[in-house]
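Please consult the sequence and the structure shown below while reading.

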Amino acid sequence: MKALVLFESFFGNTEKVARAIGTALGLADTDVVRISEIKPAQLDGIELLIVGTPTRAFQASPDTKAFLKSLPANSLTGKKVAAFDTRAEMTDKTPGFLKFMAGIFGYAAEPVNKQLLKKGGTQAQTPGWFYILDSEGPLKDGELEHAAEWAKGIK
Ligand SMILES: Cc1cc2nc3c(=O)[nH]c(=O)nc-3n(C[C@H](O)[C@H](O)[C@H](O)COP(=O)(O)O)c2cc1C
């Protein structure tokens, strides 16, 4: 199976997760590519597409949203798809209004997943999320292993 893992990453955390996922897939042919560097035509021949983005202002990154929008209708028909995000872990120290806003507006993985399905993709795994400790990281301990497990759950 030919797989493509697309990621956006400002501080390197989502890239680390994307690379861990790419490795854990255990496939002979997997590319892990920054989303701004890919053209929709490069999806030809891909059987599994995974899209990962940092959650920013409760949404996917601008480049991720632009890429998804640029995909022609039904361009993912016959392809397996999955989405993941990185996000800040809520703790006792997280301001209440942020928890409230996150409760209403959510995170990036779910809407990215919806877009992938809307473009014709077949769900390969439920949306995944991986925690970072501060706004710029690092990743919470164990999250790369968590990402590898998530990748191994792809059907
Ligand atoms: C401008 C900005 C907005 C952010 N908004 C959110 C948010 O709405 N929810 C959240 O959980 N984390 C938020 N974060 C934390 C990011 O999710 C975190 O920076 C990201 O996971 C790091 O991944 P990266 O190193 O790949 O960029 C925000 C961070 C920044 C800098």
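Helices (H or I, at least four residues) and strands (E, at least two) are DSSP runs, numbered from the N terminus. The model is predicted, so that local features need pLDDT of at least 70 and side-chain atom pairs count only at pLDDT 80 or more, whereas totals for chains, interfaces and linings use all residues. Residues are numbered from 1 along each chain as its sequence is written, and side-chain values use heavy atoms, with hydrogens and water left out.

**Overall fold**

In sequence order, the elements of the chain form the pattern β-α-β-β-α-β-α-α-β-β-α, which comprises five helices and six strands. The chain is as compact as a globular protein of its length, because its radius of gyration (taken over C-alpha atoms) is close to the value from the globule rule, 2.2 Å times the number of residues to the power 0.38. The table collects values for the whole chain.

| Property of the chain | Value |
|---|---|
| Radius of gyration | 15 Å |
| Globule rule for 155 residues | 15 Å |
| Box filled by the C-alpha atoms, along the principal axes | roughly 45 × 30 × 25 Å |
| Accessible surface (Shrake-Rupley method, 1.4 Å probe) | about 8000 Å² |

Carbon and sulfur atoms hold 55% of the accessible surface. Among contacts (heavy atoms within 4.5 Å) with a separation of 6 or more, 79% join residues 24 or more positions apart.

**Helix α4**

Helix α4 spans residues 109-118, and its buried residues are Ala109, Val112, Asn113 and Leu116. Viewed down the axis of α4, these residues fall within an arc of 100° (from the directions of the axis to the C-beta atoms), so they line one face of the helix. Their cover includes strands β3 (48-54), β4 (80-88), β5 (122-123) and β6 (128-132), together with helix α2 (62-70). The face turned away from the buried side carries Lys114 and Lys118, which are exposed (over 50% relative accessible area). Just after α4, Gly120 adopts a positive phi of about 105°.

**Ala147 in helix α5**

Helix α5 covers residues 143-152 and contains Ala147. Is Ala147 buried or exposed? Ala147 is buried, with a relative accessible area of 0%. Leaving aside residues up to four places away in sequence, Ala147 touches Val17, Ile21 and Phe130. The C-alpha atoms of Ala147 and Leu4 are separated by 16 Å, and the two residues lie 143 residues apart along the chain.

Technical notes:
Buried means under 20% relative accessible area, exposed over 50%, partly exposed in between (1.4 Å probe, protein chains only).
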